[in-house]
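Trainee: I would like to go through this model with you. Could we take it piece by piece?

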Amino acid sequence: MIGKRKIKNSNPMSVQKGEAVFAYIVMAVICVIALFPIVWVVMSSFKEDLLANPGFALPDNIYLGGYIKVFTQLGITRYFANSFICATLGTILSMTAFSMAAYVVARYQFKGRGIITACIMATMFVPPAALTFPVYNLIKNAGLFNTRMGLIFIYTCYEIAVSFMVIRNYFATIPEELEEAARIDGCNYLQIFLKIMLPIARPGIFTAAVLHWLKLWNEFYWASLIIVDREKMTVPAILSQFTTSFQTDYNGLLSAIVVIVIPPILLFTFSSKFFVEALSGGAVKG
Amino acid sequence: MKKRIISMGLALSLLAGMLVGCGGSKSSADAVSEEAVTETAEAATEATEEAKAESGDKEVLQFYHAYFHDEATWPVAPLMRQIYQEFADAHADGPVTFEAIAVEDVLGIVTNEVAGGSFPDMVDFAGNEVPLAAITQELVYDMKDFIDAEGLQSKVGINYTMNMVDGKLYTVHDQLTTLGLWYNADAYEAAGAATPDTWKTYEDMAASMETLRAGGADGIYAYSAGQGSIRLFNAYIGLLNEEYAKSALTEDIINSEEFATAFKTVAAMDQANGSANASDNVGDFSSDFNAGKCCTFLNGVWGAGGFGDATFEVRPAVYPGNVSLSAPGGGLTISSGLSEAQTALALEFVKYMTSDEVQERIFLEINANPCNTDIDLNSLAAGSDNDTVKLLAEACSLANSADKIVNTTNYVWGSDVQTAIINKLIECSVKGTDIEAKLAELQAELTALIG
Amino acid sequence: MKQRRNKAIFITLFLIPACLCFLMFYAYPILQIVVTSFCKWDYTNLSSPQFYGVGELLTNYKYIFTEYPYFWEALKNSLCWALVGVVIQVPLTLVVAIVLSKGLRFSKFARNVYIVPSVISSAAMGLIFLQLYNARYGPIQQIIQKFSPDFTDSILLMEGINFWAIVFAYVFFCGTTTIMLLGQIHSIAPELYEAGKIDGAKGLKRELYITIPLVMPTIKTVATLAATSGFLLYNEVFFLTNGAAGTKSITYIIRELAITSSRTQYARANTIGVVQIVIGLLLVAVINFAFSEKKIKNRGGEKA
C-alpha cells in the first residue's frame with residue numbers, strides 16, 4: 001500500500017568522471033558567488049572606517065566596536081525574541097491557511113477555482129503603497145496597533161502568493177492513484193489530506209515556510225509602521241539604529257548585518273538534517 | 001510515531017487557524033461599521049494607554065518624534081529625549097499628561113493618519129516636509145496667533161517667515177538645516193587655489209576646482225558632487241533670483257534663464273570633477289575629506305563634529321556670492337483636533353523648545369543650529385572649551401550672516417522634484433554626457449511632474 | 001449525493017482561512033486601486049476621492065501613458081528584469097540542483113553555503129553592492145581598471161551598463177529555489193533511472209529525458225518566482241542608483257508617486273498599480289503556458 005520509503009541521499013546512479021569534474025566546477029562557482037558578499041561583509045565589519053578602505057583588502061587592524069555596540073548596548077536579545085515570535089507564528093499560521101487552500105485548488109475541480117487562483121496570484125502585484133493605508137486602518141480599528149498580535153496578523157497575510165503557488169505546484173505533482181487508493185480504503189477527505197497528502201507535500205510546504213520565514217525575519221516596512229514601543233520592535237530595527245539623517249555608521253551597520261543573519265543560518269544548518277529527510281521523504285512517484 | 005506528531009501538529013495549527021479566522025472576521029466586521037466602532041476602539045486604546053501612564057482619567061498628549069537611537073549609536077538622541085522628559089516632568093501635575101514617544105517611521109505614521117483624515121496629537125517632523133495633504137485638509141493647528149500673542153517671533157526665528165503658508169504657521173522646527181561647505185585649507189594653499197571666502201561667482205569656484213585638480217597629488221579631487229551638487233544648484237538659483245526658492249515650482253521657473261544657467265554651470269563642474277566623485281549621499285565623502293583626498297566637502301554645519309581625525313586645517317565657508325542655505329523644514333506640528341487643555345500644553349511645549357535655555361542646549365549639547373535668534377552663538381562658543389562647538393559657531397555665524405539666506409528647494413519644490421534634479425546632475429558627471437540634452441530632458445520631466 | 005455535499009463542505013472549509021486573509025487584507029486595496037485609478041485623488045482631496053467626469057474618466061491613464069516621464073522607461077526595465085531573471089535563473093537553478101542531487105562529497109556543504117545570501121535581506125544586499133561598486137575604491141572598479149586603466153567613471157551612472165550592474169546584484173542568488181528544485185529531484189523514484197539506463201539514457205540524456213520532464217512543475221514555480229521578483233525589483237534600484245540614469249522600475253515609480261512626492265499622487269500611483277497587476281498576471285499566465293507539462297500524465301487528480 002502506501003508505504004513511505006526512505007531513500008539514501010545518494011541516488012543509485014553512477015556518476016561518470018566527466019560529470020564529477022563538471023559538478024565540482026559548478027559547486028566551486030556557486031560557493032564563490034555565495035560567499036563573495038558575505039565574506040566582504042564580515043571582513044568589512046572589522047574595519048573601523050569602511051569608506052577609507054571598502055575593497056576586498058583585509059582590515060589593517062581588527063576593530064570590534066560595532067559588535068560591542070550591537071551585543072552590549074542595544075539589547076538585541078529582545079529584538080531577536082520579538083522577531084522570532086512574530087516570524088514563526090506568522091509562518092505557521094500562513095502555511096496552515098495556504099496549504100489547505102493550495103491543496104483543494106490543486107486537487108479538486110470546483111466552481112470559482114480559477115477566480116480564487118487569480119485573486120491570490122494578483123496579491124503579489126499589489127503595490128505596498130496601496131496596501132498600507134487600508135491595513136493600517138484595519139489594525140487601528142481592531143485595536144491591534146502597537147501589538148505583536150497585529151504584526152502576526154499582518155505576517156500571516158503577507159506575501160501569500162508565493163507560498164500558495166509553491167505549495168499548490170507541489171500538490172499538483174502528486175499522482176492521483178494515491179488518493180484513489182486511500183478513498184477505497186475508506187478514508188474521508190480530511191483523512192486523505194492529513195494522512196496521505198500532507199506528509200508527501202512536506203518538502204513543498206517546508207520550502208514555502210523557509211521562504212516565508214526569511215522574508216519575515218527581514219521585514220521592517222510594517223513593523224516600523226505599526227509598532228511604536230521599543231520593547232516590541234523586531235530585528236531590522238537594529239539596522240536603523242546605525243543610520244541617522246546626518247550620517248551612516250557603516251562599521252556598526254555591517255556588524256549588525258552579520259549578527260542578524262547568524263540565527264537564520266544556524267537554524268537552517270541545524271534543521272538541515274530534518275530538511276534533507278523531508279526532501280527525500282515522500283518518495284512515492286509513479 | 002512521527003506520523004502522530006505530524007498530525008497532532010497539524011490539528012493544533014488548524015485550531016490556531018480557526019481562531020485567527022474568528023478574530024479576523026470580527027475585525028473585518030469592525031471595518032464595516034466604521035464610525036461607531038472606531039470611536040470605541042480609540043477610547044479603548046486611550047484607556048489602556050492612560051492606565052499605563054498610571055494617571056487615572058487624565059488626558060494625554062502624545063508626542064511622536066524620531067530620536068529613537070540608543071546612546072551608543074547616536075548620543076544626540078538620548079539628549080533630546082532628556083529635554084522632552086524634563087518638560088513632561090515639569091508638567092506632571094497639570095491637567096494633561098505629556099508623553100514623548102520615539103518611533104521609527106514618523107512620516108509613515110503621519111501619512112497614513114492623514115489619509116484617514118486624522119493627525120497624531122503632536123509630532124516632530126525633524127526637517128521633513130509637513131505633508132501638503134495635512135494642510136489642505138486642515139488637520140494641523142495654526143500657531144501664528146499664539147506666537148504673536150506671546151511675542152515669540154524672535155524665538156522661532158526664520159520659522160516665522162519660511163514656514164508661513166498663506167499667513168498661517170503650522171510648524172516650528174527647533175533646529176535649522178543650515179548648509180554651507182567645509183574645505184581643507186592646507187590643500188587649497190598647496191595647490192594655490194583661491195579659497196571659498198573669495199568666491200564672488202561660480203566661475204571663481206570652477207577656477208578654484210580646476211586649480212585644485214591641476215595642483216593636487218594623485219587621488220586628490222576637488223569636491224564632493226552628487227548630493228553636494230544639488231546644494232550648489234540650490235544656492236546658485238537663490239543667488240540669481242531669490243524668489244524662485246520661496247514658492248512652489250512653476251513652469252516659468254523651469255524654463256527660466258536662471259534655471260538653465262544654474263543647472264549647466266553645476267553640471268559642467270560635476271563633469272570635470274568626475275562621476276567617481278559623485279554620490280547621492282554626501283556622507284560617503286566624510287572619510288575622504290578627513291583623509292585629505294576630497295578638498296571641498298559640501299555638507300551642513302552639523303558636520304562640525306566629524307573632523308576629529310583631520311590633520312589639516314578645516315574651515316567653514318558659504319557658497320559663491322556669499323549665499324548660504326538655511327531652512328527650518330517641518331518641526332513641531334500640532335493636530336487641530338485636540339481638546340483645549342491638550343492644545344494649551346502643546347503650545348506650551350513649542351514655547352519651551354524655542355526658549356533660550358533649551359535653544360542653548362540644542363546648540364551646546366546637540367550641536368545643531370538653533371532657530372532662536374536671541375542667542376549669541378559666538379559668545380556661547382567663547383565660553384565653551386569644546387572645539388566642535390567653536391567650529392560649529394563659526395560655521396553657523398557665517399551662514400546666519402550671509403548676504404542671502406536661501407530656503408532649500410527640497411522643502412518648497414518637493415522631494416520628487418529634488419530626486420529628478422539630483423539624478424540628472426549625477427548623470428551629467430559621466431564623461432562625455434551632453435549637458436544641454438540632459439537639461440532639456442530635466443525640463444520636460446519636471447513640467448510633467450508638477451502637472 | 002451525500003458524498004458530493006461532503007466534498008463541497010470540505011472544499012469550503014479548507015478555503016475559508018485563505019479567503020478570509022484575502023478579503024481582509026487584499027480585497028479592499030485591490031478594489032480601491034482599480035476604482036481610484038478613475039478618480040482624482042491627491043493631496044488636495046485625500047479623504048474624498050472624486051470620479052472624473054464621463055468624458056474624462058481615463059485622465060490618469062492618459063497622464064501616465066503620455067505625460068508621466070518615467071512610465072515607459074520603468075515598464076521596459078521591469079519587463080527586461082523579468083525576462084533576464086527567467087533566462088538566467090531557471091537554467092542556473094536547474095544545473096545547480098542537478099549537480100547537488102548527485103550526492104557527491106561536499107555537496108551538502110555547497111548546498112548550505114549557497115543558501116546564505118538568501119538569508120540577507122535585499123535592502124542589506126543593496127547596501128553591500130553599493131560598496132562593491134563604489135567608483136573610488138570598490139573591488140569591482142579595481143577589477144575593471146586592471147583591464148582598462150583609464151576607466152574612472154562610475155558604472156552605476158552609465159546608462160545601459162548600470163542595468164546589468166543591478167542584475168548582477170541579485171540574479172545569481174537563488175539558493176532557496178535551488179533547494180526547492182533539489183527536493184523535487186530527490187523524490188524521483190530510482191526505478192525510473194534504472195529503467196532509463198536500460199534504454200541507454202546516460203549523462204546529459206538522462207537529465208534531459210528523465211529528470212527535467214519530471215520536475216517541470218517545480219521549474220515552472222522557479223520561473224514564476226524569477227519573473228515576478230525581476231518584475232517587482234525595488235530595493236536594488238533604490239540603493240544602487242535611486243532611479244538615476246534610466247534605471248527606474250515600475251515598483252519604484254509607484255512608490256515615488258504615492259509616498260516620495262509631496263503632492264501625494266495616490267490616484268496616479270494606483271493607475272500604475274493597475275498596470276502592474278494586469279501585466280504581472282499576464283506574466284504568470286505566459287509562464288504557465290510556456291512551462292506547461294503536457295507530456296506528463298501523472299498530474300493531480302482533478303476529477304477526484
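Trainee: What covers the buried residues of α14(C)?
Mentor: The cover includes α5 (128-141) of chain A, α4 (106-115) and α20 (415-428) of chain B, and α3 (71-101), α13 (235-240) and α15 (266-290) of chain C. Contact here requires C-beta atoms, placed from the backbone, within 7 Å. Helices (H or I, at least four residues) and strands (E, at least two) are DSSP runs numbered from the N terminus.

Trainee: And how should I read the numbering and the confidence limits?
Mentor: Residues are numbered from 1 along each chain as its sequence is written, while chains are lettered from A and ligands numbered from 1 in the order in which they are written. The model is predicted, local features need pLDDT of at least 70, side-chain atom pairs count only at pLDDT 80 or more, and totals for chains, interfaces and linings use all residues.

Trainee: Back to α14(C): how many of its residues are buried?
Mentor: Nine of the eleven residues of α14(C), which spans 250-260, are buried, so the helix is largely enclosed by the rest of the structure. A residue is buried if 20 or more other C-beta atoms lie within 10 Å of its own, exposed if 12 or fewer, and partly exposed in between.

Trainee: Which residues are they?
Mentor: They are C:Ile250, C:Thr251, C:Tyr252, C:Ile253, C:Ile254, C:Glu256, C:Leu257, C:Ala258 and C:Ile259.

Trainee: Now chains C and A: how many residues are in contact?
Mentor: On the side of chain C there are 89, in contact with 91 residues of chain A. Helix α1 (residues 2-36) of chain C gives the largest share of the chain C side, 18 residues. By class, that side has 52 nonpolar, 30 polar and seven charged residues. Ala, Val, Leu, Ile, Met, Phe, Trp, Tyr, Cys and Pro count as nonpolar, Asp, Glu, Lys and Arg as charged, and the others, Gly among them, as polar.

Trainee: How are α10(A) and α9(C) oriented, roughly parallel or roughly antiparallel?
Mentor: The axes of α10(A) (residues 202-217) and α9(C) (residues 175-186) come within 10 Å and cross at roughly 175°. The two helices are therefore roughly antiparallel (over 145 degrees). Axes are lines fitted to C-alpha atoms over the stretch in contact, and angles run from 0 to 180 degrees between N-to-C directions.

Trainee: Which residues make that contact?
Mentor: A:Pro203, A:Thr207, A:Val210 and A:Leu211 of α10(A) meet C:Thr176, C:Ile179, C:Met180 and C:Gly183 of α9(C). Five of the residues in this contact are nonpolar, three are polar and none is charged.

Trainee: Changing topic, why is β14(B) described as largely enclosed?
Mentor: Five of the five residues of β14(B), residues 323-327, are buried, so the strand is largely enclosed by the rest of the structure. B:Val323, B:Leu325 and B:Ala327 lie on one side, with B:Ser324 and B:Ser326 on the other.

Trainee: Which strands pair with β14(B)?
Mentor: Strand β7(B) (residues 175-179) runs antiparallel to β14(B) and is joined to it by three bridges, with B:Thr178 partnered by B:Ser326. Strand β17(B) (residues 404-406) runs parallel to β14(B), also with three bridges, and B:Ile405 stands opposite B:Ser324. Pairing requires at least two DSSP bridges.

Trainee: Lastly, is B:Phe125 buried or exposed?
Mentor: B:Phe125 counts as buried, with 22 C-beta neighbours inside 10 Å. This residue lies in the loop between β3 (122-124) and α5 (132-136) of chain B.

Key. Contact = placed C-beta atoms within 7 Å. Parallel < 35°, antiparallel > 145°, perpendicular 65-115°, else oblique.
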